[in-house]
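Here is a short briefing on one protein chain. Keep the model open as you read.

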Amino acid sequence: MEKPICNSSHSKEQIQPLRYLSRAEAVAIEKELLEEFRFGHQQLIEIWGHACAVAVAKVFPLRSLPKKQPTVLVVCGWDQNGAIGLACARHLHVFGYEPTIFYPKKSSNPLYRDFTTQCERMDIPFLSYLPTEVQLISDAYNLVVDALLGVEATPGEVAELSCPILATLKQIRVPLISLDIPSGWDVEAGGSNGISPDVLVSLAAPKQCATRFSGKHHLVAGRFLPYDVQKKFELNLPEYPGTEYVVSL
């Protein structure tokens with residue numbers, strides 16, 4: 001019998017609660033995609049970066065931005081979430097936004113360097129430092145995208161370099177969009193003293209910390225997941241209408 005094409009059109013899945021993933025489950029899903037389904041690492045980052053840009057455009061369409069120039073600041077870390085931020089910035093540029101990237105510690109990983117090169121060749125500017133005066137950020141940008149720390153980071157492992165950045169992000173007055181995990185949060189326990197994003201974009205499926213998210217918009221980008229992966233991990237993802245790539249929860 002042919003497998004269903006749709007993500008979540010099955011009545012049995014519809015009545016099941018959405019699965020919120022632990023760190024181990026999130027890692028296991030990525031491993032399944034890489035090893036069993038032969039997704040490439042760079043391919044996954046590209047999919048997630050595109051999905052995040054779509055989510056930003058969905059919540060903050062160009063016509064809704066208060067400033068004349070559609071400026072967006074994308075704060076990227078040195079691991080996978082930072083590479084997703086770089087891909088997100090490139091897609092935002094294609095969508096007509098004007099992203100600027102703050103990438104304080106460029107990764108030595110050649111895969112991540114490719115995303116840096118792509119942004120540089122598309123003339124997306126890079127900041128040499130992040131202003132500590134949040135008013136300067138508010139004056140220059142409509143939005144800030146937080147792609148600093150992801151699933152691989154824990155509060156105890158937060159590098160010293162990220163501490164002043166997190167302190168600035170906590171004070172941001174323009175809308176803040178976090179990719180997958182709000183930076184400084186624990187994947188499972190959340191982060192009561194961490195940043196407070198207005199928007200959270202969960203990649204593949206929400207992580208357990210998302211149950212503590214109190215912002216205005218929570219979107220999930222999991223439509224690309226093969227049906228067998230969704231079934232194996234009992235993700236119970238929401239329905240994606242039409243050609244939608246991300247959906248609001």
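Two strands count as paired if DSSP finds at least two bridges between them. Strands β1 (residues 71-76) and β4 (residues 143-147) pair in the parallel sense, over five bridges. The model is predicted. Its chain holds eight helices and eight strands.

**Whole chain**

- Buried residues make up 54% of the 249 residues.
- The accessible surface comes to about 11700 Å². Carbon and sulfur atoms hold 51% of that surface.
- Take the contacts in the chain with a separation of 6 or more: 71% of them join residues 24 or more positions apart.

**The sheet**

- Eight strands form an open sheet with mixed pairing. Their order is β3-β2-β1-β4-β5-β6-β7-β8.
- Strands β3 (126-127) and β8 stand at the edges. Each has a single partner strand, so one side of each is left without a neighbour in the sheet.
- Strands of a sheet pair through backbone hydrogen bonds, and the pairing is either parallel or antiparallel.
- Strand β5 (residues 176-179) pairs with β6 in the parallel sense over three bridges. Ile177 stands opposite Val199 of β6.
- Strands β6 and β7 also pair in the parallel sense, over five bridges. Leu200 stands opposite His218 of β7.

**Strand β6**

- Strand β6 covers residues 199-203 and is mostly covered, with five of its five residues buried.
- Which residues of β6 point one way, and which the other? Val199, Val201 and Leu203 point one way. Leu200 and Ser202 point the other way. All are buried.

**Aromatic cluster**

- The structure holds two aromatic pairs. A pair of aromatic rings is described by the distance of the centres and the angle of the planes.
- The ring centres of Phe39 and Phe224 lie 6.2 Å apart. Their planes stand at 75 degrees, over the 60 degrees needed, so the pair is edge-to-face.
- This pair links distant parts of the chain, 185 residues apart. Phe39 is in the loop between α2 (23-36) and α3 (41-59). Phe224 is in the loop between β7 (217-221) and α8.
- Trp48 and Phe224 also form an edge-to-face pair. The distance is 6.1 Å centre to centre, with 80 degrees between the planes.
- Trp48 lies in helix α3 and Phe224 in the loop between β7 and α8, so this pair ties together parts that are 176 residues apart in sequence.
- Ring pairs link Phe39, Trp48 and Phe224 into a cluster.

**Charges over rings**

- The charged end of Lys105 sits over the ring of Trp78, 5.8 Å from the ring centre.
- The charged end of Lys106 sits over the ring of Phe126, 5.0 Å from the ring centre.

**Asn142**

- Asn142 lies in the loop between α6 (134-140) and β4.
- Why does Asn142 count as buried? Its relative accessible area is 2%, and buried means under 20%, so Asn142 qualifies.
- The Asn142 side chain has polar atoms placed by the backbone of other residues. A polar atom of this side chain lies 3.0 Å from the backbone nitrogen of Lys67. The backbone oxygen of Gln69 lies 2.8 Å from a polar atom of the Asn142 side chain.
- Leaving aside neighbours within four places in sequence, Asn142 is in contact with Leu65, Pro66, Lys67, Gln69, Pro70, Thr71, Val174 and Pro175.

**Glu239**

- Glu239 lies in the loop between α8 (227-232) and β8 (247-248).
- Why is Glu239 classed as partly exposed? Its relative accessibility is 47%, which falls between the 20% limit for buried and the 50% limit for exposed, so Glu239 takes the middle class.
- Glu239 and Arg223 are 16 residues apart along the chain. Their C-alpha atoms are separated by 8.7 Å.

How values were computed:
Residues are numbered from 1 along each chain as its sequence is written. This is a predicted model: local features need pLDDT of at least 70, side-chain atom pairs count only at pLDDT 80 or more; totals for chains, interfaces and linings use all residues. Side-chain values use heavy atoms; hydrogens and water are left out. Helices (H or I, at least four residues) and strands (E, at least two) are DSSP runs, numbered from the N terminus. Buried means under 20% relative accessible area, exposed over 50%, partly exposed in between (1.4 Å probe, protein chains only). Rings of Phe, Tyr and Trp (its six-membered ring) pair if their centres lie within 6.5 Å; planes under 30 degrees apart count as stacked, over 60 as edge-to-face and the rest as tilted. A charge sits over a ring if NZ of Lys or CZ of Arg is within 6 Å of the ring centre and within 35 degrees of the ring normal. Contact means heavy atoms within 4.5 Å. Accessible areas come from the Shrake-Rupley method with a 1.4 Å probe; for residues, only the protein chains shown count as cover. A polar contact is a pair of N or O atoms within 3.5 Å; within protein, one must be able to donate a hydrogen and the other to accept it, and residues adjacent in sequence count only if both atoms are side-chain atoms.
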